[in-house]
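Here are a few notes to go with the model, written for reading side by side with the coordinates. Please have the viewer open as you go through them.

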Amino acid sequence: MVPGYLWVDHAAPEHERAAEVGGRVRLPAPRPPWLVVYESPDRIVVNRWPGRLFSVRVLPPATAGERVTLAEVTARILPGAGYTNAMAVGVVAELSPALPFGRYGAAVTRVLDAAQALDEPTAHRLARARHRRAEDACRAAWQRWLAEPRPSGVGSPVGSGFGLLHRLVKDSAHARGGPGAWTVDGDGEEVAAEPWASAHSALREAALACGAPDLLDRAAGALLSTAWNTVYGGMPNDRFTT
């Protein structure tokens, strides 16, 4: 049985949301959506927050027909994709949902929680507190990460954390900022109004500072952490808090 990882969030089908350690998750019928089993936590694409992470083992198809169907489905997966599809898995253990966001993922989840709860007064506070040189420090850290060897398929220093953060801030802007807080222009590009644009940048910088501190020296880390530390206080064991 192939080991792997299964991410389950509130939008997952009921048979996935019912996952329990020691049990099995099985499709009610051999048709999509298939179970997505990732090779490692850093390859998990987290689209919604919060969620649950399970260590699983892929179980073989129960019938010859299922075996043929699953073979056709998995044959379409590109080499190096970092995941496979399954019809059934055995649930081995429940793990920390912070694992997809890297070594310091627990700190990143605090930023995700803040993004999910973000309201307009807090967005204004983040925008005002953001250091004017934070953007340059963030860009330099990104360039440093891009120049380093890294596992194939890992899209950022915090896995899919930045994409998820973007989605959470956008949802908060729609829910609490009014119709003009986050819009789409005539070219189909997203446009975030202030203070949401700067608040998003401030939270993104905080996620980088706490989620990938090895990319930063103390000065750069302090710049990226300024808005977060002003509004929320320092992260646990935050070496950049002044």
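**Notes on helix packing and overall build**

1. In helix α2 (residues 64–74), the buried residues are E66, L70 and V73; buried means under 20% relative accessible area with a 1.4 Å probe, counting protein chains only. They sit on the same side of α2, because they cover an arc of only 55 degrees around the axis, taken from the directions from the helix axis to the C-beta atoms. Their cover includes β2 (24–26) and β5 (83–86).

2. A word on the basis: this is a predicted model, where local features need pLDDT of at least 70 and side-chain atom pairs pLDDT 80 or more, while totals for chains, interfaces and linings use all residues. Residues are numbered from 1 along each chain as its sequence is written, and side-chain values use heavy atoms, without hydrogens and water.

3. Helix α7 (residues 196–211) packs against helix α8 (residues 218–232) at about 115 degrees, with axes 8 Å apart; axes are lines fitted to C-alpha atoms over the stretch in contact, and angles run from 0 to 180 degrees between N-to-C directions. On the α7 side, the contact (heavy atoms within 4.5 Å) includes A202, L203 and E205; on the α8 side, W228 and Y232 are among the residues involved. The contact residues comprise nine nonpolar, two polar and one charged, with Gly counted as polar.

4. Overall, the protein has eight helices and eight strands, these being DSSP runs of H or I for at least four residues and E for at least two. The C-alpha trace spans about 60 × 40 × 35 Å along its principal axes, and 44% of the 242 residues count as buried.

Methods:
Buried < 20%, exposed > 50% of the residue type's maximum accessible area, 1.4 Å probe, protein only.
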